Amino acid sequence: MGRAVTVATCALNQWALDFEGNLERIFRSIDIAKSKGARYRLGPELEICGYGCSDHYYESDTLLHSFQVLEKLLESPATRDIICDVGMPVLHRNVRYNCRVIFLNKKILLIRPKISLANAGNYRELRWFTPWSKARHVEEYFLPRIIQEVTGQETVPFGDAVLATKDTCLGAEICEELWAPNSPHIEMGLDGVEIFTNSSGSHHVLRKAHARVDLVNSATAKNGGIYILANQKGCDGDRLYYDGCAMISMNGETVAQGSQFSLDDVEVLVATLDLEDVRSYRAEISSRNLAASKVNPYPRVKVNFALSCPDDVAVPTCMPIQWRHHSPEEEISLGPACWLWDYLRRSKQAGFLLPLSGGIDSSATACIVYSMCHQVCLAVKNGNADVLADARRIVNDETYIPEDPREFCRRVFTTCYMASENSSQDTCNRAKLLAEQIGSYHINLNIDAAVKAVVGIFSVVTGQAPRFSVYGGSSRESLALQNVQARIRMVLAYLFAQLTLWARGMPGGLLVLGSANVDESLRGYLTKYDCSSADINPIGGISKTDLKNFIQYCIENFQLTALRSIMSAPPTAELEPLVDGQVAQTDEADMGMTYAELSIYGKLRKIAKAGPYSMFCKLINMWKEICTPREVASKVKHFFRMYSVNRHKMTTLTPSYHAENYSPDDNRFDLRPFLYNTSWSWQFRCIDKQVNAL
């Protein structure tokens, strides 16, 4: 009868402009799909060139090389007898489109351009592409000669159409179209499309995965059907980590789930599903059937091919499963760890160096590297040859097998405690103990000689000797002396990153890791060009609150008992003199606000789009049990003064793993001025007026 269809989707770790590697991974996914009996294979968005090409999309080379890769796919025997759905940019009548190219047996069936472009947050698709605005309209696309020679076609359909095979009907969505309020799958489903496909370039954000899963399942819950989602995975060259989660859903229930975090470059999901289940599900939804009788039909491209076999009565079909979501602590442990591994292997460096202060932030960063080492050892144990080859190249040993995370950590991770006369013995001991427990190569050094030399130059030139405030100096003097210590640590971090392996008789250099969290960046509580300035920062998009929970997770899951004392100690920069051998400086006292308050300010400022006045109006209700309106006004004003005074620091912020939707990343996500009128006179006057009225 032909009712059981076998379809495949995948998550691929593509890399922007890595046409060679991208092609190899596409071929591997097709081979796996075919070996499991699939008759249709879906890949991620723009998988041929890699999603994150950015302004390289303007270049004709990107278009040319994409078509050259498509040529290789079309002419290969590996793509025979399976409908292949791949993503690439296409120039049609001098307009660039983000497209799906769907082909079968050396013939292009349809080029389907993206209708709704992602243009918020980290996405800038409207900068490079134009949305296809002609609903249910198809035009002729004239193929490049290199493709004509393979397919024998001069033109192919280009536009908003669906595929009609011998046994079913398929319609494509591309990433953002699933999230749009008028998703194409609604009208396509009413027009009889039974299989919806979605090729995505969707990145990880803490606590976001459930939203994507819910959207996919709800797409077919109301309308019936099969929904297949493919996604990119890994770091393809910037701050984002694409988190896989390929999935297949039918009639509102998940039937196949891919991993969210893994070191596998190619992951393929295959499911066999009964089309009659879709038809019977739809039969009893009378509101759907009434709407379907009035729908404007889609152009159909007829395909002389079936996704099912004629005699499939005995073919087993997939049953619904329960989706397992990671906790936020697991997400922090796995997502940034996978991102670091991609960055390390693709940058061809020999490891990481981290200034380890013994505080929560640098310790959390060290734990993420340790988690990465765990993931590498686990992948090798599970037979991942790619990870093994990368690990051997990184440690420069062709016979090496990473089996123990602590031993591998010592090879690829150097930690450095940079003491000064203002450092306590407690933080030194905490850093040393944590380094021992994770296995890193640990260095202890003292920066006092360098600090005195730099300050001495200033004193020789000016005849003045700046002093800390506890010794009678002004706040300006004290802050300058703190900044000198912080900046010397950055200089030394890079020196040791370049030459530590040389001194140990080993090849290569190290990437410097930063460890400023998202809340400190938002407040500007960091020295410009200090240890927050690094090559990359795995925690720069994570809040202090989440990092504390992650530390607790590491205590329980990695048995890192050294973290207990780190958790209980108050956060401190240790840049001011000790009092009776004890730390007198604390972060929250310096900032004039708590980390919990900072998280709230950050979410209101970015996610709720609140300026000073709107933030005040929201907080007088949120905090009515703990603060008077005048106290709320004072807190809001202090935050906005500090935020605006320090906003210039965001222009040089170390590239950070994007994990939080209130990130102040100035590169593309949070676009603001960096020279403010920090008096906020009009805005604060509006607040004062309300305070007086209240």
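Reader: How much space lies in the second largest pocket?

Author: In this predicted model, about 490 Å³ of space lies in the second largest pocket. A pocket is an open set of points on a 1 Å grid over the protein atoms alone, where a 1.4 Å probe fits, with protein on both sides within 12 Å along at least five of seven lines. The volume is the space filled by probe spheres set on the points, which are joined across faces, edges and corners.

Reader: Which residues are the closest to its centre?

Author: Ala 120, Gly 121, Tyr 123, His 203 and Asn 661 are the closest to the centre, out of 19 lining residues. Lining residues have an atom within 4 Å of a point.

Reader: How many residues of domain 1 are in contact with domain 3?

Author: In domain 1, 14 residues are in contact with 12 residues of domain 3, contact being heavy atoms within 4.5 Å. The C-alpha centres of these two domains lie 40 Å apart.

Reader: What conventions apply to the numbering and to the model?

Author: Residues are numbered from 1 along each chain as its sequence is written. In this predicted model, local features need pLDDT of at least 70 and side-chain atom pairs count only at pLDDT 80 or more, while totals for chains, interfaces and linings use all residues; side-chain values use heavy atoms, with hydrogens and water left out.

Reader: Turning to Asp 361, is it buried or exposed?

Author: Asp 361 is buried, with a relative accessible area of 8%. Buried means under 20% relative accessible area, exposed over 50%, and partly exposed in between, with a 1.4 Å probe and protein chains only. Asp 361 is found in helix α11; helices are DSSP runs (H or I, at least four residues), as strands are (E, at least two), numbered from the N terminus.

Reader: What does Asp 361 touch?

Author: Not counting residues up to four places away in sequence, Asp 361 touches Ser 515, Asn 517, Glu 520, Ile 539, Lys 544 and Leu 547.

Reader: Which elements do the buried residues of α14 pack against?

Author: The buried residues of α14 pack against α11 (360-381), α13 (405-412), β18 (413-419), β19 (441-446) and α19 (563-568). Among those buried residues are Cys 428, Leu 434 and Ile 438.

Technical notes:
Domains from an automatic or database assignment.
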